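Here is a short report on a complex. It covers confidence first, then the sheet and the helices packed on it.

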Amino acid sequence: MLNPSGTLNVAVIVKLEPDFSEGNVSYNSDGTLNRAETKNVLGPHSAVASSAALYAKVKYGANVSVATMGPPIAEAALQQSQLICNADELHLYSDRIFAGADTLATSEVLRAGIKKMANEQGIDVVFSGHRASDGETGQTGPQTAWKLGYPFIGNVIDYDIDKERSYARLQRLIKNYGHNDIIEELEAPLPVFITLDPSYSPFFNTVSQRLNLARNQNEAEKRSSRYKEHLKTFSAQSLELNLKSVGLPGSPTIVYKVEKIPRAKANRKADIIDGCSQENLSQVARRIYGILGETIIK
Amino acid sequence: MTKSSVSETKTDANNIQGILVNDTENENLKRTAEEQERDEKNHNMHLYVVIEQEEGKILPVSFEMLGEGRRLMDNFNSKYNPKENVVAIILGHNIKHLCQELIYHGADAVICADHPELRYPRNLLYTKIISQIATDKSSAAQISSSNNTFNKPRYMFFSADDTGRHLSSTVLAELESGLASDINKLVINDLEIDTNIRLRESQSVTKRPWKCIDQTSQAFFGLLYFVWIISIPKTKKNFILRHAA
């Protein structure tokens, strides 16, 4: 059931990730990522999740809260997410105890955090990205859903919410390698946990929605320039967490060793010919002709 | 804890991009005597492979997992001699005919849950049933009668496609286990992990062997499922050869 006030409460969980775009990545001499030098941005899949929250905000007037777990610099991810989805609340779960957490320990923190959102009225829809570009496991979302006890629906490409019946109607894309891809249409009772497919983008097709969108985007710019007013920081103590279930003690998975994949040796050879002079070019033409034969001239 | 009761995973030099290993045993938490006693009584046994099917057709990735599971457990059995099996779990509706095919492809036993509700993979339902099967002592007793103190699977395999990836996360959240994703090579080997990796500098460092899956969890969901165990046919090798030909 929706909460008594009738507004839809939406949560988004995001992650601050290294910016893997050209020129922003730096590596250590042993081939691992240099985290101090590399710029951090809101992860691309987290941005998709934020845009899904924008859809709920525009179409249903939802109350949006964005949450992340990380060091204080993760505020940057919250700010960038607020710029996309015009969030009403920003939650940062930051504590030294959380360091070294694997997916299970992270989801325990997020579970406790989501329970505290929207003045503890209860969240109706939680959005998360498909996977992080640095961890690449895609497990934190489903595990948080499981800990919250919400139905989990992954790879969603479209959704609508029936507020009266308190149901979500969704479409999800399933890729079966070696078999046909499937688009599944399903219904789930609220509250529901949704992981967006990377191909998701919101679609606003009525005039009132587009006007509403423009108003929200203006408001988002103003809000994100003063994002600290909306920011709340939580520690392990204020989340009332069991210290055994978070951070390193709560992590059953550890990375033992990371090794480089040796680059495969090239079997082909290349001759480099300077193409500035005409003589060289005709030499190139002759060699292409020699390889391809008469098929090239018809 | 003796070293022989512990199984480990190790990277093979130069060939793997990275590996995650499991350790639910928390060195920096004091373990009660009761917990230790419980661990000694309970055994993690067998390799469970979660098979995926679509409209009565098994997806190719499932056969890949069975083949790899067969190789891994044959190696494990010859090395440590515990006689553990490869167990396939298949969920769906009208799929009993698929069980025989899974035996041909290398499974020692098949646990099949057949119900109209299971026709499509729904995460919540599938998670509850798979974790119930994985902690079910009676079906494990049917697979190998030698040991009836079965607690949990030693290893579980899931495919890394959209359904299996989400299922693996939620099932192992229920079983409170670690999880390595996007695996391209697996080796079982004796290995001592330097606990430096886990502990902060302030804490004392001791070397102890690590264990795969360790804590208990309660299966709680009451949906009926059909358990069908097939004993290993004596002519299994012939079947596999014929199939390959």
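## Confidence in chain B

Residues 1-31 of chain B have pLDDT below 50. This stretch still makes 85 contacts in the model beyond near neighbours in sequence. Residues 194-245 of chain B also fall below 50 in pLDDT. Here the model has 87 contacts beyond near neighbours in sequence.

Averaged over chain B, pLDDT is 65. A value of 70 or more is reached by 57% of the chain's residues.

## The complex as a whole

The model is predicted. For the complex, the predictor reports an ipTM of 0.74 and a pTM of 0.73.

## The sheet of chain A

Chain A holds an open sheet of 9 strands with mixed pairing. The strand order is 9-8-7-10-6-1-4-5-11. Strand 9 (182-189) and strand 11 (231-234) of chain A are the edges. Each has a single partner strand, so one side of each lacks a neighbour in the sheet. From one strand to the next, the twist averages 30°.

Strand 6 (residues 125-128) and strand 10 (residues 192-196) of chain A run parallel, joined by 4 bridges. Val126(A) has Phe193(A), in strand 10 of chain A, as its bridge partner.

## Helices across the strands

Helix 2 (residues 75-85) of chain A lies across strands 1 (9-13), 4 (63-69), 5 (89-93) and 11 of chain A. Helix 2 of chain A runs at about 155° to strand 4 of chain A.

Chain B contributes helix 6 (residues 162-174), which lies across strand 7 (152-162) and strand 8 (167-174) of chain A. The angle between helix 6 of chain B and strand 7 of chain A is about 95°.

Methods. Residues numbered from 1 in each chain as written. Chains lettered and ligands numbered in written order. Predicted model: local features only at pLDDT ≥ 70, side-chain atom pairs only at ≥ 80, totals over all residues. pLDDT = per-residue confidence, 0-100. Contact = placed C-beta atoms within 7 Å. Pairing = 2+ DSSP bridges. Helix = DSSP H or I, 4+ residues; strand = E, 2+ residues; numbered from the N terminus. Axes fitted to C-alpha atoms, helices over the stretch in contact; angles between N-to-C directions.
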